[in-house]
Amino acid sequence: MKNVLSKITLFLVAAVFVISSLGVQPVSAASNPFKDVSSSDEEILYLWNKGLINGVSKTAYGSEQAVTREQAATLIGRARNVNGTPRKTKFADVDPSRYSSGYIQSAVEKGYITGNSDGTFRPYDTMTRGEMAFLLSRAFNYTHTGDVFFSDLKADSHPASLYTAVNKIATAGVSNGTGTGTYSPNNKLIREEFAIFLARALSSTFKVSYKNVTIDNLNVTVNSLNVRTGPSTGYRAIGKLNTGAAFQVFGYNGSWAYGKSGNTTGYVSSTFLGKAAPATANNRFITLDPGHGAQDPGAVANGLREKDINLDVSKRVEAKLKAKGIKVYMTRTTDVFHSLDARVDKGVASGSNAFLSIHTNAASAAASGSETFYSASVGNDSKQLATFIQNRLYKAMDHPNRGVKNYGFQVIRTNPLPAALVELGFVTNKYDAAKLASGTYKDRAATAIAEGIEDYYNWKAKN
Ligand SMILES: [Zn+2]
């Protein structure tokens, strides 16, 4: 019963196409004759107003209905302006008198379609999303490929592979998959999707940019793991990662994982990736990042330079953490300059599992006190780290508590590790400056920060 009905539907759809190809053109650019198409379905309206598609009836577009192979060949053929005169095709199962025959034969001649291995075209079969990728990539001559991954498609660099076809249309801005890291190549193509694909292929207005989706959060299990530009040791190394470094996986290509660690994106051997060990008493390892350095003094006032205070306090924190058995990596131990990206990369590559940037504030002479920042974009652990530190620091400094604040400073916002940024006090305030110049208060600050970090690891061990 279902079959008979769907054949009748197909016939009706085909009849609409025939009528439309004889051509009643739409009257105005804004016209929308379809009751099932809203004004936000811009791709459908764009194609309709160009005279490239029609509805399943005068008032319905039929967004959810499947697209057959002959319909797809016809619509692509029209969009590419090929000769659509009905004629004999190379396929025995395409009737030469049928509306689609000319488009099918032209598509064969131009290399858009090849048909099935048994010499048939199966014009009434439903088009799949995978077949659409082949058709579009050939009809629009897409040649560029990029680092495109979908979890339901195995990477395969063969020029005729399904993966290559999907990669080409994704790289061309015609598809970014189904939105959750999959492409669903075996799903039936529905008329709404067809319109979206075709509109993007025809007009840059509708194009999308392919975006990677994280499918695994893993950690590096060896030191000095090369990050490469491609999936083999023949590709150039663009960075190194050490044990424990976080690696967000976007996709796999054979035994290689493509993904991101800190600011480095590339391929690593998946043999050396594993699930992160939870933070335990034996796994306490933080990066301390003394802000500024060398030609960049940071805030300067009351005879103080921020870069010197940051380094002095950081070294004191380092010593106190080591005494507690907490491992420390320092982004700098001398008066040198590192970019913000480099600070994050060094911290990640060290294998540490938390990050604290230490700074000193500047503002009007009246501003006073300590404050600690986290970036809400990178998860709850960062806020916990900032809170544990701030709760001890302002008391130890006999300071106003300016609080724990969400702010996207680059070293905490772009950091894959739980990360906080502390502002010890204001060099621009005479009372704060006196404390920041005093060894006693710098030591009190360092003790408070080290205890806050220890609080954080104790909390992590329980959570
Ligand atoms: Zn600073």
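Is N141 buried or exposed? N141 is exposed, because its relative accessible area is 61%, above the 50% cut-off for that class. This is a predicted model. The mean pLDDT of the protein chain is 89. The chain is divided into three stretches: domain 1 (2–206), domain 2 (216–274) and domain 3 (285–462). A zinc ion is held by H292, E306 and H359 as its protein donors.

**Confidence**

- Residues with pLDDT of 70 or more make up 91% of the protein chain.
- Residues 1–29 are another matter: pLDDT stays under 50 there.
- For residues 1–29 the model has 29 contacts beyond four places in sequence.
- Where pLDDT is low, the predicted coordinates should not be read in detail.

**Zinc site**

- The donor atoms are NE2 of H292, OE of E306 and ND1 of H359.
- These donors lie 2.1 to 2.2 Å from the zinc ion.
- Along the chain, the donors follow the spacing H-x13-E-x52-H.
- H292 and E306 link distant parts of the chain, 14 residues apart.
- H292 sits in the loop between β8 (285–290) and β9 (300–301).
- E306 belongs to helix α8, which covers residues 306–323.
- Both H292 and E306 are buried.

**Interface of domain 2 and domain 3**

- The C-alpha centres of domain 2 and domain 3 are 29 Å apart.
- On the domain 2 side, 11 residues are in contact with nine residues of domain 3.
- About 710 Å² of area is buried between domain 2 and domain 3.
- Carbon and sulfur atoms give 49% of that buried area.
- Zero salt bridges are found by the rule across this interface.

- N141 has a phi near 55°, a positive value in a residue other than glycine.
- The loop between α5 (129–139) and α6 (162–171) holds N141.
- S184 is not a glycine either, yet its phi is positive, at about 55°.
- The place of S184 is the loop between α6 and α7 (191–202).
- Is S184 buried or exposed? S184 counts as buried, because its relative accessibility is 16%, under the 20% cut-off.

How values were computed: Residues are numbered from 1 along each chain as its sequence is written. This is a predicted model: local features need pLDDT of at least 70, side-chain atom pairs count only at pLDDT 80 or more; totals for chains, interfaces and linings use all residues. Side-chain values use heavy atoms; hydrogens and water are left out. Donors are N, O and S atoms within 2.8 Å of the metal (3.2 Å for Na, K and Ca); water is not among the atoms, so sites may look incomplete. Helices (H or I, at least four residues) and strands (E, at least two) are DSSP runs, numbered from the N terminus. Buried means under 20% relative accessible area, exposed over 50%, partly exposed in between (1.4 Å probe, protein chains only). pLDDT is the predictor's confidence in each residue, from 0 to 100. Contact means heavy atoms within 4.5 Å. Domain bounds come from an automatic or database domain assignment. Buried area is the accessible area (1.4 Å probe) that two parts lose on being put together, summed over both. A salt bridge is a side-chain nitrogen of Lys or Arg within 4 Å of a carboxyl oxygen of Asp or Glu.
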